[in-house]
Amino acid sequence: MQIAIDGPAAAGKSTVAKMIADRMNYIYIDTGAMYRAATYKALKEHVDVEDGAALANMLQHTHIELVPDGDGQAVLLEGQDITEAIRLPEVTNHVSFVSKHPKVREEMVARQQEMASQKSVVMDGRDIGTKVLPKAHVKIFLRASVDERAARRYKEQIKKGIETPLEALKKEIALRDERDSRQLGKAADAVEIDTTNLSIEGVVEAIMKIIKERAYQSESL
Ligand SMILES: Nc1ncnc2c1ncn2[C@@H]1O[C@H](COP(=O)(O)OP(=O)(O)O)[C@@H](O)[C@H]1O
Ligand SMILES: Nc1ccn([C@@H]2O[C@H](COP(=O)(O)OP(=O)(O)O)[C@@H](O)[C@H]2O)c(=O)n1
């Protein structure tokens with residue numbers, strides 16, 4: 001069983017994907033964390049984020065692991081825990097440059113498909129329903145207005161003790177939407193959910209309903 005959840009930054013993908021994985025007892029795979037881990041390493045090793053060949057070469061010697069950790073998921077790079085570090089603004093502001101290179105995407109997509117071949121998964125990202133798991137049983141595309149997404153990030157950062165002005169977050173999200181526009185895709189058979197005015201529980205319930213409907217449809221075939 002494969003569940004694909006795509007959408008732009010701060011639409012709520014990882015929050016609901018984790019909750020769905022928990023309820024279904026499936027593995028959760030955060031593909032954004034993999035692109036973030038690659039970006040973290042490129043910045044650390046001074047690999048030019050505009051050089052696709054150099055990045056692809058770097059990836060050949062890069063071991064990224066996603067390990068279940070309590071409610072969430074730890075990210076290990078060559079065994080080192082970089083879970084927190086990959087959320088820092090320096091990584092966030094460079095990740096779209098790394099993820100735009102076709103050679104980088106090819107390698108990441110292959111790794112993600114391999115991860116999904118072993119077990120039932122809920123995978124979130126930008127191209128899961130279109131490229132990584134085109135045969136996913138359930139495909140969801142989450143949207144929310146830029147204002148709402150910026151407000152969500154703002155609250156999240158305040159909780160972490162970081163105070164970035166709301167306007168700056170709004171600009172950052174709008175810029176990343178633009179830079180990610182080629183990576184982000186809504187599959188023709190994806191169900192779109194606008195989460196702007198929905199609670200987290202509301203989104204989870206809507207997705208659970210779709211999963212149950214799909215399961216019922218396949219049983220009655
Ligand atoms: N429907 C929602 N209503 C309010 N806040 C939400 C909703 N969905 C997610 N959030 C909050 O918004 C923030 C960004 O969500 P996240 O799941 O990290 O988004 P994404 O994975 O799409 O970038 C988190 O702090 C999360 O708790
Ligand atoms: N399947 C994916 C997932 C993420 N990405 C890239 O990785 C970045 C970080 O993804 P993310 O899901 O962690 O970002 P947030 O939406 O959580 O801020 C995105 O801005 C994309 O550039 C991608 O290209 N393809």
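Tutor: Start with ligand 1. Helix 1 makes the largest contribution to the shell around ligand 1, with three residues. Keep in mind that this is a predicted model. At least two shell residues each come from helix 1, helix 8 (146–159) and helix 10 (200–219). There are 15 residues around ligand 1, and those that come nearest are Gly12, Lys13, Ser14, Thr15 and Arg152. Sorted by class, the shell around ligand 1 holds six nonpolar, six polar and three charged residues.

Now the annotation itself. An unreviewed UniProt entry carries a "binding site" annotation on Gly7, Pro8, Ala9, Ala10, Ala11, Gly12, Lys13, Ser14 and Thr15. Gly12, Lys13, Ser14 and Thr15 are among the residues that come nearest to ligand 1.

Take Ala9 next. Ala9 sits in the loop between strand 1 (2–6) and helix 1 (13–24). Is Ala9 buried or exposed? Ala9 is buried, because 24 other C-beta atoms lie within 10 Å, and 20 or more is the cut-off for buried. Leaving out residues up to four places away in sequence, Ala9 touches Arg149, Ile173, Arg176 and Asp177.

Ala10 lies in the loop between strand 1 and helix 1. Ala10 counts as buried because it has 23 other C-beta atoms within 10 Å. Beyond residues up to four places away in sequence, Ala10 touches Arg149, Arg152, Arg153 and Ile173.

Of the 17 residues around ligand 2, Ala9, Gly32, Tyr35, Ser99 and Gly125 come nearest. Helix 2 and helix 5 (95–99) are the elements that give two or more residues to the shell around ligand 2. Helix 2 has the largest share, five residues. By class, the shell around ligand 2 has five nonpolar, seven polar and five charged residues.

Next, the two domains. Their centres, taken over C-alpha atoms, are separated by 19 Å. In the contact between them, 17 residues of domain 1 meet 13 residues of domain 2. On the side of domain 1 that touches domain 2, two or more residues come from each of helix 1, strand 6 (121–125), helix 7 (128–132) and helix 9 (166–179). Strand 6 has the largest share of that side, four residues. The residues of that side of domain 1 divide into five nonpolar, five polar and seven charged.

Last, the core. The largest nonpolar core has 55 residues, and Ile5, Ala37, Val122, Met123 and Ile140 have the most contacts inside it. Helix 2 (residues 31–44) gives the most to this core, with seven residues. At least three residues of this core come from each of domain 1 and domain 2.

Apart from neighbours within four places in sequence, Ile5 is in contact with Lys13, Val16, Ala17, Val122, Asp124, Ile128, Ile140 and Leu142.

Notes:
Residues are numbered from 1 along each chain as its sequence is written. Chains are lettered from A and ligands numbered from 1 in the order in which they are written. This is a predicted model: local features need pLDDT of at least 70, side-chain atom pairs count only at pLDDT 80 or more; totals for chains, interfaces and linings use all residues. UniProt positions are given in the numbering used here, feature names are shortened, and annotations may be inferred rather than shown by experiment. A residue is buried if 20 or more other C-beta atoms lie within 10 Å of its own, exposed if 12 or fewer, and partly exposed in between; C-beta atoms are placed from the backbone. Two residues are in contact if their C-beta atoms, placed from the backbone, lie within 7 Å. A residue is near a molecule or strand if its C-beta atom, placed from the backbone, lies within 6 Å of it. Ala, Val, Leu, Ile, Met, Phe, Trp, Tyr, Cys and Pro count as nonpolar, Asp, Glu, Lys and Arg as charged, and the others, Gly among them, as polar. Domain bounds come from an automatic or database domain assignment. A nonpolar core is a set of buried Ala, Val, Leu, Ile, Met, Phe, Trp, Tyr and Cys residues joined through C-beta atoms within 7 Å.
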